[in-house]
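Please prepare a briefing on the structure shown below, grouped by topic and with the cut-offs behind each term stated.

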Amino acid sequence: MTKLKLVVNNIYVKKEKEIFFIKKELNSILNLYARMVSNGTWRDYSFSRSKRDVSFNIYQRTSDRPILKILKNLKPKNRNEKFQVKDKNGMTLEKSEELKIIIGKINKDIGKF
């Protein structure tokens, strides 16, 4: 008969990495989106994912390019590059370590979008 060992806290088990927005982040993004839809500014949204990031894309018209992209960098080089906002030309408007800072700046600059 073979002997069995109980392994507790196995350090060799790979931890599951974040591959999407967590519930708290998605809730704050969708709250912002709902406010802007009720204003009539934004019309549609989509998600896109790559190995490096996941993004929430915001459209004024469904057929256009997204006017804003809220990105969560899954492999940031710097701490302050975890969340980014990019415009329709791909220019980075804002970078931050926390999503609530980015959402606050979007709220201040609502007239620009």
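**Briefing on the predicted model**

Of the contacts in the protein with a separation of 6 or more, 28% are between residues 24 or more positions apart, where contact means heavy atoms within 4.5 Å. The model is predicted, with local features needing pLDDT of at least 70 and side-chain atom pairs counting only at pLDDT 80 or more, while totals for chains, interfaces and linings use all residues. Residues are numbered from 1 along each chain as its sequence is written, and side-chain values use heavy atoms, with hydrogens and water left out.

**Overall architecture**

- The secondary structure comprises two helices and five strands, taken as DSSP runs numbered from the N terminus (helices H or I, at least four residues; strands E, at least two).
- Along the sequence these elements follow the pattern α-β-β-β-β-β-α.
- Of the 113 residues in the protein, 28% are buried, where buried means under 20% relative accessible area, exposed over 50%, and partly exposed in between (1.4 Å probe, protein chains only).
- The protein exposes about 8,700 Å², of which carbon and sulfur atoms supply 51%, with accessible areas coming from the Shrake-Rupley method with a 1.4 Å probe and, for residues, only the protein chains shown counting as cover.

- E25 lies in helix 1 and counts as buried because its relative accessible area is 10%; leaving aside residues up to four places away in sequence, E25 touches K72, F83 and L99.
- E81 is found in the loop between strand 3 and strand 4, and E81 counts as buried because its relative accessibility is 16%.
- With residues up to four places away in sequence not counted, E81 touches N73, P76, K95 and S96.

**Surface patch**

- I19, F20, L30, Y45 and F47 form a nonpolar patch on the surface, together having about 410 Å² of accessible area.
- F47, placed in strand 1 (residues 44–49), counts as partly exposed because its relative accessibility is 35%.

Methods
Patch = residues over 30% accessible without salt bridge, like charges linked within 9 Å, V, L, I, M, F, W, Y side chains within 5 Å. Salt bridge = Lys/Arg side-chain N within 4 Å of Asp/Glu carboxyl O.
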